[in-house]
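Please keep the sequence and the model at hand while reading.

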Amino acid sequence: MASVIENAIRGTVTKGIEVMAEFNRKRMPDQDHPFLTGIHRPMDGEITLEDLTVTGTIPAELDGRYLRIGPNPAKPEAKGYHWFTGDGMVHGIALREGKALWYRNRWIRSKTVEAETGMKHAPGPRHGGFDTVNTNVLGIAGRTWALVEAGSYPVELADTLDEQTYNPFDDTLTGSFTAHPHLDPKTGEHHAVCYEAMDPETVRHVVLSPNGKVTRELAIKVKHGPSIHDCAITDRYALILDLPVTFSMKSLIGGHSFPYRWNPEHQARVGLLPRAGQAEDIVWVDCPQTYIFHVANAYDTPDGKVVMDACVYDTMFAEATGGPSGKSLGLERWTIDPVAKTVERRTIDAAPQEFPRPDERFFGQPYRYAYTMALPEGEFAISATRLYKHDLESATREVHEFGDGRYPGEFVFVPCGDDAPEGDGWMVGLVIDLPQETTDLVILDATRFAEPPVASIRIPHRVPPGFHGNWVANG
């Protein structure tokens, strides 16, 4: 999800195509870009704030940092821009003993950011020389990592976000990584499905050990260069979402920085890879011609099938809008039969929604609750004011309404403790107050989801919408 995709592909095409792409980009209209203006207008510098204002009471158990990352171009340029291609910026809020200690925002110190700002680029090896990282930030094996798919190595971050190092998991990662590795709470491993912009015929199943070292990079043959943003795991399988968004040479030549488009000629399928199996062991199951960014969860059933819950779209990137462009079909449950090779599809909630998160102590296992962010009707945009809580056992939905002009991003579930029952904890995330041009880190009691927040920490400026955020507890 970054400009590294374009840069990596350029390494495989002729110099003439590169020159043509740049020529066509310069010929694009110079006009306001929806993902560079309004609520998306980038921040123009780095800030450190201490002793933030708190409304309510921060739970004492929240001892750590909430981190969120997203695109924030250091030198915004509308021509050819796509929301997924901006320079990465990490935002962090540190909580301890009921206090909000600090807020910091820091660009990921890529070589592009160095060229645009003069700030020295972060040390460490580059993967193919491409180093924009802007999509996820999370804790792995007691360390903090910023991630992107299809190109750059991960970036290891200090607790304060000031020290940064490009680090392929202590030199154990060979190829690109993903924005969405998933922790198996039973084994302590992280599983990922990774694609390489320079190699459109291969994806890889990558496994990290509990100590954060790569133990497996299994190559899997594909066609057309699919964009695979997320994956899932069960006790038996790693799930590969090979869906109809693929590399587009036409878009690249046309000057677009994100050269992936809806491809109806590419048959959508889900691959069920036995977790320790080889590529030839994958059971490929054709599925509806739809697209999925994010999976809520997946698990095995007693009769040998696989259940996967995900936010689904009718198409994606069928039009060049500068961002996501498909119609949301809501939250769906797919039941995949590896013997009959069929997918049974059921709508859980047809309301447009995104960024599904479970209580991740139950990832890969049967579970009860999923939490999502509402989308407006008819488009992917950060302009809805609600979060949803789905009780998958009772088939009910609760709504948390933030009010006019207050727009939440992805919220993450943080349990009250390691042994707390599923759903006993807090939902934590950023909410933009657009009329006031401010932002709040909001903490909801997940067991009283619709009630007012238990705490809100004021950030006195607008944090532009980003992608993913996570809670990283202090050790």
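## Basis of the report

The structure is a predicted model. Residue numbers start from 1 along each chain as its sequence is written.

## An open sheet of four strands

Four strands form an open sheet in the order S14-S15-S18-S19, and their pairing is antiparallel. The edges are held by strand S14 (232–233) and S19, each of which has a single partner strand, so one side of each has no neighbour in the sheet.

Strand S18 (residues 269–274) pairs with S19 in the antiparallel sense, over four bridges. Within S19, Val-283 is the bridge partner of Leu-272.

The loop between strand S19 (283–286) and strand S20 (291–300) contains Gln-289. This residue counts as partly exposed because its relative accessibility is 29%, a value between the limits of 20% for buried and 50% for exposed. Pro-274 is 15 residues from Gln-289 in sequence, and the two are 24 Å apart in space, C-alpha to C-alpha.

One is the backbone oxygen of His-266, which the side chain reaches at 3.1 Å. The other is the backbone nitrogen of Ala-268, which lies 2.6 Å from a polar atom of the side chain of Gln-289.

His-468 belongs to the loop between strand S32 (455–459) and S33. With a relative accessible area of 2%, His-468 is buried, because buried means under 20%.

The side chain of His-468 makes polar contacts with two other histidine side chains: one with His-180 at 2.9 Å, and one with His-294 at 3.1 Å. Apart from residues up to four places away in sequence, His-468 touches His-180, His-229 and His-294, as well as Leu-67, Arg-68, Ile-69, Thr-135, Asn-136, Val-137, Phe-355 and Glu-410.

## The largest pocket

The volume of the largest pocket is about 1200 Å³. Its lining consists of 46 residues, and those nearest the centre are Gly-139, Leu-183, Glu-360, Trp-471 and Val-472. By type, the lining comprises 21 nonpolar, 13 polar and 12 charged residues.

Several strands each supply at least two residues of this lining: strand S6 (136–140), strand S7 (143–147), strand S10 (182–183), S20, strand S24 (353–358), strand S29 (412–415) and strand S33 (469–473).

## The cavities

How many cavities of 30 Å³ or more does the structure hold? There are four of them. The largest cavity has a volume of about 120 Å³, and 15 residues line it, with Arg-68, Gly-409, Glu-410, Pro-465 and Gly-466 nearest its centre. Arg-68 and Glu-410 are also among the residues that His-468 touches.

The lining of the largest cavity divides into 11 nonpolar, two polar and two charged residues. Strand S3 (64–71), strand S28 (406–408) and strand S30 (425–433) each contribute at least two residues to that lining.

Conventions: Predicted model: local features only at pLDDT ≥ 70, side-chain atom pairs only at ≥ 80, totals over all residues. Heavy atoms only, no water. Buried < 20%, exposed > 50% of the residue type's maximum accessible area, 1.4 Å probe, protein only. Polar contact = N/O pair within 3.5 Å; in protein donor to acceptor, adjacent residues only side chain to side chain. 1 Å grid on protein atoms, 1.4 Å probe; cavity = no way out; pocket = protein on both sides within 12 Å on 5 of 7 lines; lining within 4 Å. Points joined across faces, edges and corners; volume = space filled by probe spheres on them. Nonpolar A, V, L, I, M, F, W, Y, C, P; charged D, E, K, R; others polar. Pairing = 2+ DSSP bridges. Contact = heavy atoms within 4.5 Å.
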